[in-house]
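Here are my notebook entries from a look through this model. I wrote them in the order I checked things.

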Amino acid sequence: MIKLNNVTKTYSNGTTALKNVSLSIEKGEFAFIIGNSGSGKSTLLKLLLKEVEPSQGTIIIHNKDITHLKKRQIPYLRRELGVVFQDFRLLPNKTVYENVAFAMQIVEASPKEIRRNVPMVLSMVGLAKKARAYPTQLSGGEQQRTALARAIINNPPILLCDEPTGNLDPGTSWEIMKLLKDINNRGTTIVIATHEKDIVDKMKKRVIEVKDGTLVRDLQK
Ligand code: ADP
């Protein structure tokens, strides 16, 4: 469960990116955060990841108040949250397999678990045959599948996606959306920030709209 209570974020240059936002997203939900560029979508995701601090209000994830989390506790919060970005952010000198395995090494999974889980997740995202390829040898869609595999390999209960289809053509975007639906059907809560109206309309999921930092619409599916 994700809960924001009257959250405001003003950056140090005086820009207020979010104003008094309250919302709650239940376990297992699939929600879009929509709004034009500059409306505050990324700021909302960054607040959940503790990349930025709220100026006012409280943020709760899984009944835990993360508003004033100590620095050393942040890695534990991040384990609860898988993240996918528009620009994939893969490690260029590692293969698909190694990129995904690396996420398991960071949480000190055993080599045996890594050998078992990485191929499983790669086949789930349809990349079993590309395990030995490097990111530059992949299409955009394949790179995003790799990023998705990496984001879910440690089974986070929540997956945050910031413009996950922003660099993809419509057909490929739709494949990624189908994968996200599959991941959601396995119980993962999914929150997607996007400005792609077509996709949002077709998916028929919850839509939370921000405009100039204010929540202006919250439509349940
Ligand atoms: P979106 O993801 O919807 O494009 P953002 O959350 O990135 O919106 O930005 C919301 C507003 O906050 C914009 O006006 C943007 O210029 C501003 N902003 C974002 N990050 C920073 C920052 N680090 N410092 C100052 N202003 C920022």
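I began with Lys204, which is exposed at a relative accessible area of 62% (exposed means over 50%, buried under 20%, partly exposed in between, with a 1.4 Å probe and protein chains only). This is a predicted model, where local features need pLDDT of at least 70, side-chain atom pairs count only at pLDDT 80 or more, and totals for chains, interfaces and linings use all residues. Residues are numbered from 1 along each chain as its sequence is written, and side-chain values use heavy atoms, with hydrogens and water left out.

**Entry: positive phi**

I noted that most residues other than glycine have a negative phi. Lys204 has a positive phi of about 55°, and it is found in the loop between α7 and β9 (206-211). Helices here are DSSP runs of H or I with at least four residues, and strands are runs of E with at least two, numbered from the N terminus. Glu163 also turned up, with a positive phi of about 50°. I found Glu163 in the loop between β7 (158-162) and α6 (170-185), buried at a relative accessible area of 9%.

**Entry: charges over rings**

Which ring does the charged end of Lys202 sit over? I found it over Trp174, 5.7 Å from the ring centre (the rule asks for NZ of Lys or CZ of Arg within 6 Å of the ring centre and within 35 degrees of the ring normal). Lys202 is in helix α7 (residues 197-203) and is exposed, at 59%. Lys202 and Trp174 are 28 residues apart in sequence, with their C-alpha atoms 9.7 Å apart. I also logged Lys94, whose charged end sits over the ring of Phe102, 4.8 Å from its centre.

**Entry: the ligand**

I listed the residues around the ligand (a heavy atom within 4 Å), among them Tyr11, Asn13, Lys41 and Thr43. Helix α1 (residues 41-49) gives the largest share of this shell, 3 residues. A backbone N or O atom of Gly38 lies 2.6 Å from a ligand oxygen, and a polar backbone atom of Gly40 is 3.0 Å from one. Taken alone the ligand exposes 560 Å², and the protein buries 64% of that (areas by the Shrake-Rupley method, 1.4 Å probe).

Technical notes
A polar contact is a pair of N or O atoms within 3.5 Å; within protein, one must be able to donate a hydrogen and the other to accept it, and residues adjacent in sequence count only if both atoms are side-chain atoms.
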